[in-house]
Amino acid sequence: MSRAPIDVTIPDLSGKRAMVTGASDGMGLRMAVRLAAAGAEVIMPVRNERKGEAAVATIHSSVPGASVSLRSLDLSSLASVAALGDGLRAEGRPIHLLINNAGVMRPPTRLTTADGFEVQFGTNHLGHVALVAHLLPLLRAGRARVTSQVSVAARRGSINWDDLNWERSYDVMRAYSQSKIAFGLFGLELQRRSETYGWGITSNISHPGIAPTNLLASRPELGRGEDASQLRMIRAMSARGILLGTVETAMLPALMAATDPAAKPGVLYGPSGPGGLGGRPGEQRMYPPLRSVQEAGRVWEVSERLTGTTFAAGAAA
């Protein structure tokens with residue numbers, strides 16, 4: 001089945017410094033290519049240096065003369081996040097655009113991060129919270145737009161406040177949903193606190209719908225030696241244009257949210273097709289689990305405590 005072209009227009013980003021997590025492959029790499037083509041200097045924090053170097057080569061082959069650099073980052077380690085923050089603050093250069101895109105999904109068994117957190121909650125949510133906290137002075141200096149990637153899994157479910165770390169009754173999909181709900185609530189609360197305290201940051205959230213991305217691909221570090229069976233079905237449906245998006249269209253809501261001058265703060269962007277699974281990017285109705293201001297404030301405070309970070313220090317910079 002042929003598809004009508006779906007794309008977004010990215011404005012000139014010359015002179016802007018942009019960072020994309022999870023940019024060594026998949027959607028993140030495609031976002032980095034588009035941002036570099038628009039003139040941005042792109043920072044790619046990666047866990048695997050070899051994959052990162054291959055990604056840089058891909059960008060240079062698509063965008064000769066692109067300004068792109070690698071940094072080391074393992075979002076499942078708060079020490080790694082802090083080291084990246086220390087290094088970038090030492091450089092002292094503003095960051096104008098941050099897309100929090102990296103994530104993990106559905107390990108075959110319950111795994112924990114270097115700091116003892118359930119791996120999805122620790123990587124998808126807490127690692128990114130700590131990253132934003134460490135980068136806050138640079139984001140403020142750049143009057144940055146921060147776009148945080150959630151998931152259709154955030155449209156239902158809740159925060160398991162009685163067992164945040166899923167130590168007593170592990171459910172891999174509920175834990176994944178929790179990680180994305182918590183991260184969405186954080187992204188929305190970041191906008192509210194920026195408005196309250198005059199940080200000058202704008203924050204919104206996005207989701208890619210469903211597409212054959214690398215989230216369910218073979219990930220030996222997660223104990224998954226081959227692609228998940230669901231990924232094969234998603235690939236087949238995507239290739240036939242049945243409801244779902246492609247990797248190329250799945251990245252567009254985040255790019256729209258992060259770069260479109262008309263994109264709104266405190267808003268969810270995603271595919272506009274049936275069920276939000278695929279289609280053209282646009283503003284979406286906020287998922288019910290993301291609507292509570294009180295829940296967002298609670299997530300913020302708990303996340304500061306669990307990560308050992310405080311936004312007050314960066315706010316005073």
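User: How many cavities of 30 Å³ or more are there?
Analyst: This is a predicted model. A cavity is a set of points where a 1.4 Å probe fits but cannot get out. With the cut-off at 30 Å³ or more, the count is two.

User: How much space lies in the largest cavity?
Analyst: The lining of this cavity includes F121, H125 and W161. The space inside the largest cavity comes to about 40 Å³.

User: Which helix supplies the largest share of the lining of the largest cavity?
Analyst: Two helices each supply at least two residues of this lining: α4 (119-141) and α9 (293-307). Among the lining residues are V299, V302, S303 and L306. The largest share is four residues, and they come from α9.

User: How many residues of the lining of the largest cavity are charged?
Analyst: Start with the other classes. Eight residues of this lining are nonpolar and two are polar. The number of charged residues in the lining of the largest cavity is none.

User: What volume does the second largest cavity have?
Analyst: L75, S76, S77 and L78 are among the residues that line this second cavity. T113 and D115 also belong to its lining. The volume of the second largest cavity is about 30 Å³.

User: Which helix gives the most to the lining of the second largest cavity?
Analyst: The lining includes G122, L126 and G127. The top contribution is three residues, and the helix giving them is α4.

User: Which residue in the lining of the second largest cavity is charged?
Analyst: This lining divides into four nonpolar, five polar and one charged. Asp counts as charged.

Terms used. Residues are numbered from 1 along each chain as its sequence is written. This is a predicted model: local features need pLDDT of at least 70, side-chain atom pairs count only at pLDDT 80 or more; totals for chains, interfaces and linings use all residues. Side-chain values use heavy atoms; hydrogens and water are left out. On a 1 Å grid over the protein atoms alone, a cavity is a set of points where a 1.4 Å probe fits but cannot get out, and a pocket is an open set with protein on both sides within 12 Å along at least five of seven lines; lining residues have an atom within 4 Å of a point. Grid points are joined across faces, edges and corners, and a volume is the space filled by probe spheres set on the points.
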